[in-house]
Amino acid sequence: MLRFRPSHWRRLFMPCLLAVSCTAAQAQSVQVLHWWKSLSEQQAVNLLTTKLAQDNLQWRDGLVPSGSGVGASIVLKSRILAGNAPEAAQLNGVLVSEWAELGLLLEIDSVAQSGKWEKNLFPKVWNLIQVKNHVVAAPLGIHRINTLFYNKKIFSKLELEPPSSWDEFDQVVRKLQQAGITPLAQSSEIWQVATLFETVLLSVSSPAFYQDIFVRKQPSALMDARFAQALKRLRLLKKAMPNPVPDKLWMDLSRQLADGQAAMLIMGDWVKGELNALGQATDVGFSCVAVPGTAAYHIYDVDTLVMLAKDNSKRSAQEKLAQWVVSPALQQEYNQVKGSIPVLKNPELGKMDSCARNAWKVFSGGAAVQVPSFAHRMATDEISRDAMMNEIHRFFMDDQMTVGEAQKRLATMVRALPKNKAGNDAQDINR
C-alpha cells in the first residue's frame, strides 16, 4: 500500500493552493464603461490597462462607441435599471453631481485624502468631483475646447500665419480657397456644431456673457446683439467648409487635416492626440493656436471616471482604479497620449508639447479664464443642453432661418427649461 508522508501532501497540494491564491489576486478587476473609440483614445485605454495590470488590477473594457457619449449614457442607465451596473464609468461634468444626488456613485473620500487630491488638483477640478463634501469621481485630464488646429505644410507653402482675429481668419480662408484647398474641416453632427458654436460665442463676447447664455440661461442674453453676432459668425464659417457639410466623425476630420484635405479644424485638443497617433508630430505636421478672440480663455472639458455604488465586494478594486488614474506618473503619460493636460497643479512642463504647455498655462490662470464647456456637459443639465444644441444645429443647417428668428426660438425655449441654481459657473450648480 502506497503511503504519503505529510511532506508529500504539501508537495502535491501546495502548488494548487498557491495557484488559487495567485488567481484570486489577479482576478481583482473592474469593468469600465466608456466611449473612447478613436485610435488615440484606444491607445490611452491600452496605457491604462497596462499600468493597472502591473498592480494586479484588470481593466475589463466596456466600450460603447458614441461621439459625444450619448449612447454610453443610455447603456449605463439601462444597466443600472437592470441591476447589472459596471464597476466604473466615464461620466463628465454636471452629470456627476446629478448621479451622486441619486446615490448611485461610490464615495472615494479615503482615496482622495491619502492622495492629497485637495492639495494637488486644480481647484476647479477639485470642486467638480465633490458633491455635498464627498469625493465621487476620479479626474483623468483636462481638454481645451477652443483650439484651432492647422496643417503646417499647407500654411508654410502658402506663406500663411495662424489667425489671431476673425478678420485674419477670413483673409486666410480667401487665400486657401484661391489655392483650391478646403479652409475648415467640419461635421454636421449636432455635438460638433455645438462645439464650434460655443467657441465662437466666447470669441465675440466674454466669459460672463457666455455663462449668461449656457449656465444661467437668461432669455434676455439670447436676444442680445452679441449672441446675434455669434450666429452671424457661425454662418460665415459655414462658407469656409465643404458644401454640403458632411456628417463625419471627428476622427475622420482629424485625418482630413493630417492628409492635407483641409487646412484647419476647430475642435477640442483630443484632436492633437489623434494626429499624433496618425504619425503627425506636434509643431511638425501640424500645430495649434487658440480660436480667434479666445487666447486668454480656456473652455474646459474634464474627463472623469465614477465608481458605481454596488456591493462592497468590488470596493477595493474601485478604489485602486481611482488611486491610479490620479497618480502623477499615470497622469503625465495618459494625457500625452490623450491630447489633454494633467489635472495636477504641478506637472512636468518639460515633457509637454507647445499646445499642452499653452493650455496648461492658460488654465492655471484661475477661475477668471476657465469657461465650462456647454457642448461637453460642463455648463448645464442634459435636458437644457440637448434642447439648445438642437436649436443651434437647426440654424446651422437651415440657411433660410434668419438670425432674429433663431434668437427668438431659443429665447422662447429657455424660458421653459429648468433653471440652474445660482452660481458663477457649472461647478456651483447642483451643490
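Thr199 is found in helix 10. The model it belongs to is predicted. At 0% relative accessibility, Thr199 counts as buried, because buried means under 20% relative accessible area. Helix 10 spans residues 190-203 and gives eight residues to the largest nonpolar core, the largest share of that core.

**Thr199 and its neighbours**

- Which residues does Thr199 touch, leaving out those up to four places away in sequence? They are Ile145, Asn146, Ile266, Val291, Thr294 and Ile299.

**The nonpolar cores**

- The largest nonpolar core holds 77 residues.
- Phe214 and Met264 touch the most other members of this core.
- Helix 10 supplies its largest share, eight residues.
- Another core, of 64 residues, lies apart from the largest one.
- Among the residues of this other core are Leu76, Ala137, Met307 and Met352.

**The whole chain**

- How many helices and strands does the protein chain have? There are 20 helices and 12 strands.
- The radius of gyration of the chain is 24 Å, close to the 22 Å that the globule rule gives for 431 residues, so the chain is as compact as a globular protein of that length.
- Along the principal axes, the C-alpha atoms fill a box of roughly 95 × 50 × 35 Å.
- Buried residues make up 55% of the 431 residues.
- Take the contacts between residues at least 6 apart in sequence: 78% of them join residues at least 24 apart.

**Surface and charge**

- The accessible surface of the protein chain is about 18,500 Å².
- Carbon and sulfur atoms account for 52% of that surface.
- The chain carries 48 positive and 40 negative side chains.
- The centres of these two sets lie 5 Å apart.

**Helix 17 and its cover**

- Helix 17 runs over residues 328-338.
- Which residues of helix 17 are buried? They are Leu330, Gln331, Gln332, Tyr334, Asn335 and Lys338.
- An α-helix has 3.6 residues a turn, so residues three or four places apart point the same way.
- The cover over the buried residues of helix 17 includes helix 2, strand 6 (138-144) and helix 15 (270-277).
- Strand 11 (298-307) and helix 16 (315-325) are also included in that cover.
- Just after helix 17, Gly339 takes a positive phi of about 95°.

**Backbone exceptions**

- Most residues other than glycine have a negative phi, and most peptide bonds are trans.
- Asn56 is not a glycine, although its phi is positive, about 60°.
- Asn56 sits in the loop between helix 2 (39-53) and strand 2 (58-63).
- Is Asn56 buried, partly exposed or exposed? Asn56 is partly exposed, with a relative accessible area of 37%.
- Lys116 is not a glycine either, and has a positive phi of about 55°.
- Lys116 lies in the loop between helix 5 (109-114) and helix 6 (117-120).
- Lys116 is exposed, because its relative accessible area is 51% and exposed means over 50%.
- Asn243 and Pro244 are joined by a cis peptide bond, with omega about 0°.
- Where is Pro244 placed? Pro244 is in the loop between helix 13 (225-238) and helix 14 (250-259).

Methods: Residues are numbered from 1 along each chain as its sequence is written. This is a predicted model: local features need pLDDT of at least 70, side-chain atom pairs count only at pLDDT 80 or more; totals for chains, interfaces and linings use all residues. Side-chain values use heavy atoms; hydrogens and water are left out. A nonpolar core is a set of buried Ala, Val, Leu, Ile, Met, Phe, Trp, Tyr and Cys residues joined through side-chain atoms within 4.5 Å. Buried means under 20% relative accessible area, exposed over 50%, partly exposed in between (1.4 Å probe, protein chains only). Helices (H or I, at least four residues) and strands (E, at least two) are DSSP runs, numbered from the N terminus. The radius of gyration is taken over C-alpha atoms; the globule rule is 2.2 Å times the number of residues to the power 0.38. Contact means heavy atoms within 4.5 Å. Accessible areas come from the Shrake-Rupley method with a 1.4 Å probe; for residues, only the protein chains shown count as cover. Lys and Arg count as positive and Asp and Glu as negative; His and the chain ends are not counted. The place of a charge is taken as NZ of Lys, CZ of Arg, CG of Asp or CD of Glu.
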